[in-house]
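These notebook entries record what I looked up in one structure.

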Amino acid sequence: MRRACDFLVDRFLARPVEARVRDALRLGAYQLAFAGVPPHAAVSETVAVAPRRARGLVNAVLRRVAEAPVDWPDDATRLSVPDWVLDELAASLGPDRARAALASMNEPATVTERADGYVQDPASQQVAAAVGARAGERVLDVCAAPGGKATAMASTGALVVAGDVRPGRAALVRANADRVGGPGRVAAVAADGTAPPWLPGAFDRALVDAPCTGLGTLRRRPDLRWRVERSSVARLADLQRRLLLAAADLVREGGTLVYSVCTLTRDESTGVDEWLAAERPDLEPQPPPPPPWEPWGRGAILVPQAAGTDGMCLFRYVRRPARAGG
Ligand SMILES: C[S@@+](CC[C@H](N)C(=O)[O-])C[C@H]1O[C@@H](n2cnc3c(N)ncnc32)[C@H](O)[C@@H]1O
């Protein structure tokens, strides 16, 4: 809630303050406005840890923050996101749903543990289930680290080849799969999904759980909003297109390809799918999962406010024989 806290205190600051004083003011404002800490405790405890020479200032500012009514200048400040994040989600979901999504993601995340002990958001569990892996099948997880979906798919008894471009992250998949155990097998491999080392048609199913801006996971990664850049949307959408195009060839005819992202921008979901529809008419879209998922172009979206999960988009296709000349 950094931006919101800064707004609350800046109303009462005449000039810039040094970083450690700013930290104390943010901490105090957070306790007052968002954590439900009684005002006397929030002010006195914060003053006690502020740099000694700034204690008078911190005390005076926080007392005023505690008392003054708040008139937010705009929704992005109130929701404490960069302007572009609200703009991007509003363009994608509409303004009301975008505000509701961000408000929902400012609430603490619940912890959901699978039967095998792996902690995984329900939305991610549903994406893994949507791949439909079965015992004895060969399933490719193109972007697998840290291995949440790979281990879930392997729990059906499938062989999951779990690739990730970064060797250290592929090792993380290995470690997580060993820890979780289960009936299936996970083969963790360092591999670039845009230039995959696998034979065409080698897999019954493939999942591209693609690198994305992650704007559906702000509940779990609240600081992400300050690190991700607007220019990443287009860059990552381009990477997603290349990953999907490569993965489509690796699925056998009649096999299933799933494309998912844990973000809510159109460029990284329906935009990529529209491109894929033109590029690969042999990929036949499949019906969306049941509510709380909602239809989203040819796929589905789960907005965070629908069920208190991460926000995700999901597209499922079956590969049909390519028509001659098509
Ligand atoms: C959204 S995360 C995957 C999460 C994972 N499926 C899970 O459920 O635990 C995306 C991953 O893609 C990997 N990645 C990025 N570029 C890639 C590429 N060209 N080929 C394969 N993996 C890539 C990143 O290292 C990151 O681990």
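**Entry 1: D209.** I began with D209, which lies in strand β4, residues 203-209. Strands (E, at least two residues) and helices (H or I, at least four residues) are DSSP runs, numbered from the N terminus. I noted that the model is predicted, that local features need pLDDT of at least 70 and side-chain atom pairs pLDDT 80 or more, while totals for chains, interfaces and linings use all residues. Residues are numbered from 1 along each chain as its sequence is written, and side-chain values use heavy atoms, with hydrogens and water left out.

**Entry 2: Partners of D209.** I looked up which residues D209 touches. They are C143, K149 and S260, leaving aside residues up to four places away in sequence; contact means heavy atoms within 4.5 Å. The side chain of D209 makes a polar contact of 2.7 Å with the side chain of K149, and a polar contact of 2.7 Å with the side chain of S260. A polar contact is a pair of N or O atoms within 3.5 Å; within protein, one must be able to donate a hydrogen and the other to accept it, and residues adjacent in sequence count only if both atoms are side-chain atoms.

**Entry 3: The ligand.** I found 19 residues around the ligand, and D209 is among the closest, with D164, R169, D192 and G193. Here a residue is near if one of its heavy atoms lies within 4 Å. An N or O atom in the side chain of D209 is 2.7 Å from a nitrogen atom of the ligand. A backbone N or O atom of G148 lies 2.9 Å from a ligand oxygen atom. The protein covers 86% of the 610 Å² of accessible area that the ligand has on its own, by the Shrake-Rupley method with a 1.4 Å probe.

**Entry 4: The backbone.** I recorded a cis peptide bond between A145 and P146, with omega about 5°. P146 lies in the loop between β1 (138-141) and α9 (148-154). Another cis peptide bond joins P291 and P292, with omega about 10°; P292 is in the loop between β6 (283-285) and β7 (294-296).

Lastly, I noted that S80 has a positive phi of about 60°, although S80 is not a glycine. S80 is placed in the loop between α5 (75-79) and α6 (83-93). S80 is buried, with a relative accessible area of 0%.

Conventions:
Buried < 20%, exposed > 50% of the residue type's maximum accessible area, 1.4 Å probe, protein only.
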